[in-house]
Amino acid sequence: MLDYEVKWRYHRDDMNAFDARKIASNFGFEDIKGVHEISSGHINATYSIDTGNGRFILQRVNTSVFNDPGRMMENISIVLRKIPRLFLVPALDGRPYYEDGSGFYRVYNFIEDSITYGKVESADMAWKMGRALMEFHSALSSMDGSALYETIPHFHDMSFRLEQFERAVSEDRAGRAATVGREIGFIRENGKRASRISSMYNGGLLPCRVTHNDAKLQNMLFSRTTGDFLTFIDLDTVMPGTILFDTGDMMRTGCSLAEEDEENLEKVRFSVPFFQAMKDGYFSLSDGMPADMEASLFNESGLAITFIMALRFLTDYINGDTYFRVDRPDHNLVRARNQMRLIEEMEKHQII
Ligand code: ADP
Ligand code: GN1
Ligand code: MG
């Protein structure tokens, strides 16, 4: 069986099929009143569990994506000391996770009154996003980036991602490459200019800091009642990086008027007012951060990260959907096209 077929099965059949009640007992929860699947993330399997002591988030970590989850949990434990509201519930043996032959599991407190969004709804919300990201960066700015373990090596390394892409095209394991010639052309035409930030970071021209690396809107929790930002979640990729990886992800997901997988490209428009508000929010708290070089590349970070997502979604489509959770066969292709359109929109508005 081909490797990608095994992973497809993992996503399709097995991904969410763990016995949450049984696993929860290893964290001391015996009286589970309800279990609800949350399927908005693309990587892990997530449930909310209602217990006699309140609600919690139980996750099975995707260990084909995170190869050393024990070390990843060490990173997360360090970072959580600096982040308000979110904490891990230890397993009965005291470790911040439980592991057996069926998988690798962890429990977080459930952030009550929280909501996540697939797209920004107002300039005020965009401002709050910007401010929240700067608060996150500032909270971690005293830490030495290189002290953290790299949970996914080369995660934002554009040359590496372009190599993976070219390999996927030449192997063409799912027989899809011939149907996406236009999209392959887009990647090849724009790869070089979109690589600038990644090359500068690899060349030591940008500070190595502790960054989130998945700072998309859906990984930010807001209050349902006040609309205020509550916390970042999904800390699995917190590791050394440049803050531009995060500002780019914030732009990618916070300035588009459509969700990442909107199929109707007419709806994929870049909001200049949201962008201005987000930027104002980010720079409303400067705190000696970012450095001039980082600040000058803020707009370009939107290109870098939107491009890397177009590239990764298209690569996954060509590989036969081995990585991101998909709900339908063309899901990754739709996402890739959506991101390409967003880049065109950034150009149209002379943001990049
Ligand atoms: P993935 O790595 O698969 O993206 P996430 O950690 O982002 O998984 O979690 C998936 C979803 O679960 C989030 O988008 C959010 O809706 C919800 N979620 C995760 N952690 C919490 C939490 N501590 N409190 C409330 N909701 C949460
Ligand atoms: C994945 O786990 P989730 O859904 O928050 C992915 C990110 C992508 C994002 C695109 C570990 O994030 O890199 O930007 O999908 N996470 C990983 O929505 O690959
Ligand atoms: Mg997530």
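A polar contact is a pair of N or O atoms within 3.5 Å; within protein, one atom must be able to donate a hydrogen and the other to accept it, and residues adjacent in sequence count only if both atoms are side-chain atoms. The model is predicted: local features need pLDDT of at least 70, side-chain atom pairs count only at pLDDT 80 or more, and totals for chains, interfaces and linings use all residues. Residues are numbered from 1 along each chain as its sequence is written, chains are lettered from A and ligands numbered from 1 in the order in which they are written, and side-chain values use heavy atoms, leaving out hydrogens and water.

**Ligand 1**

- Around ligand 1 there are 20 residues (a heavy atom within 4 Å), and Asn44, Gln59, Asn109, Ile111 and Asp234 come nearest.
- A polar backbone atom of asparagine 44 is 2.8 Å from an oxygen atom of ligand 1.
- For serine 40, a side-chain N or O atom is 3.1 Å from an oxygen atom of ligand 1.
- Glutamine 218 places a backbone N or O atom 3.4 Å from an oxygen atom of ligand 1.
- The protein buries 94% of the 550 Å² that ligand 1 exposes when taken alone (Shrake-Rupley method, 1.4 Å probe; for residues, only the protein chains shown count as cover).

**Largest pocket**

- A pocket is an open set of points on a 1 Å grid over the protein atoms alone, where a 1.4 Å probe fits, with protein on both sides within 12 Å along at least five of seven lines; lining residues have an atom within 4 Å of a point.
- The largest pocket holds about 860 Å³ of space.
- Its lining has 46 residues, and Gly41, Gln218, Asn219, Ile233 and Asp234 are the closest to its centre.
- Because domain 1 (2-110) and domain 2 (123-348) both give residues to the lining, the largest pocket lies between them.

Conventions. Grid points are joined across faces, edges and corners, and a volume is the space filled by probe spheres set on the points. Domain bounds come from an automatic or database domain assignment.
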